There are 2 protein chains.
Amino acid sequence: MKVSVLVRPKAGILDPQGEAVESSLRKLGFSVSDARVGRVVDLEVDAADAAEARATVDEMCHKLLANPLIESYEIELP
Amino acid sequence: MKVSVLVRPKAGILDPQGEAVESSLRKLGFSVSDARVGRVVDLEVDAADAAEARATVDEMCHKLLANPLIESYEIELP
């Protein structure tokens, strides 16, 4: 089953990459604010159904994909 | 208006970060394949409506956020 995980820096956590993106976009003339950069991880997971896939990916997030101290994650199933 | 942009390596493009994630997940005992890692960029954009926001962010993607030779992008509006 195809699963996407969105990992984002939590509110209040410094995000230098987001700051660089925002500053570059402004220099290009765009009117933007609050730019934040995170990761998207696409995976093909062995699972019988959506609930099992979600539980497995949740475990992956805890063990490897996200750092819960500074990042939040969101699991997207088709 | 809040906008999220998902930037992913195109099919066929080498993705060492995805390979590292897949190999680490397997070592942890997970049964996964096709791991790919991209970026998610969250932005607050000045726009009157969704169509204007999408057009602006599309221009941002062409000019800065994505490299169209090796990356595809997807714009998500609320």
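Leu6(A) is buried, at a relative accessible area of 2%, where buried means under 20% relative accessible area, exposed over 50% and partly exposed in between (1.4 Å probe, protein chains only). This residue lies in strand E1 of chain A; strands (E, at least two residues) and helices (H or I, at least four) are DSSP runs numbered from the N terminus. This is a predicted model, in which local features need pLDDT of at least 70 and side-chain atom pairs count only at pLDDT 80 or more, while totals for chains, interfaces and linings use all residues. Residues are numbered from 1 along each chain as its sequence is written, chains are lettered from A and ligands numbered from 1 in the order in which they are written, and side-chain values use heavy atoms, with hydrogens and water left out.

Back to Leu6(A). Not counting residues up to four places away in sequence, Leu6(A) touches Arg39(A), Val40(A), Ser72(A), Tyr73(A), Glu74(A) and Glu76(A), plus Leu6(B) from the other chain. Contact here means heavy atoms within 4.5 Å.

**How the two chains sit together**

Turn chain B by 180°, shift it 0.0 Å along the axis, and it can be laid on chain A with an RMSD of 0.0 Å. The two copies are thus related as by a two-fold rotation axis. Which residue of chain B comes closest to the rotation axis? That's Arg39(B), with its C-alpha at 2.1 Å.

The contact takes 34 residues from each side, chain A and chain B. Since 100% of the interface residues of chain B are also interface residues in chain A, the copies meet through the same surface. The area buried between the chains is about 2700 Å², and carbon and sulfur atoms give 63% of it. Phe30(B), Val40(B) and Asp42(B) supply 20% of the area that chain B buries against chain A, more than any other three residues. Buried area is the accessible area (1.4 Å probe) that two parts lose on being put together, summed over both.

Thr56(A), in helix H2 (residues 50-65) of chain A, is in contact with Val45(A) and Phe30(B), leaving aside neighbours within four places in sequence. The C-alpha atoms of Val32(B) and Glu22(B), 10 residues apart along the chain, are separated by 6.8 Å.

| Residue | Relative accessible area | Class |
|---|---|---|
| Val32(B) | 5% | buried |
| Glu71(A) | 15% | buried |
| Thr56(A) | 18% | buried |
| Asp34(A) | 45% | partly exposed |
| Asp34(B) | 46% | partly exposed |
| Ala48(A) | 68% | exposed |

The Asp34 entries deserve a look at the backbone. Asp34(A) has a positive phi of about 50° although it is not a glycine, and Asp34(B) likewise has a positive phi of about 50°. Asp34(A) lies in strand E2 of chain A, and Asp34(B) in strand E2 of chain B.

Ala48(A) belongs to the loop between E2 and H2 of chain A. Its C-alpha is separated by 8.4 Å from that of Met1(A), 47 residues apart along the chain.

**The largest pocket**

About 210 Å³ of space lies in the largest pocket. On a 1 Å grid over the protein atoms alone, a pocket is an open set of points where a 1.4 Å probe fits, with protein on both sides within 12 Å along at least five of seven lines, and lining residues have an atom within 4 Å of a point. Grid points are joined across faces, edges and corners, and the volume is the space filled by probe spheres set on the points.

The lining has 17 residues, and Gln17(A), Val37(A), Gly38(A), Arg39(A) and Glu71(A) lie nearest the centre. Strand E1 (2-9), helix H1 (16-27) and strand E2 (32-45) of chain A, together with strand E2 (32-45) of chain B, each supply at least two lining residues. By type, the lining divides into eight nonpolar, four polar and five charged residues. Here Ala, Val, Leu, Ile, Met, Phe, Trp, Tyr, Cys and Pro count as nonpolar, Asp, Glu, Lys and Arg as charged, and the others, Gly among them, as polar.

Glu71(A) lies in strand E3 (residues 71-76) of chain A. Beyond four places in sequence, the contacts of Glu71(A) include Val7(A), Arg8(A), Arg39(A) and Leu65(A).

Key
Copies are superposed by least squares on the C-alpha atoms of residues with pLDDT of at least 70 in both.
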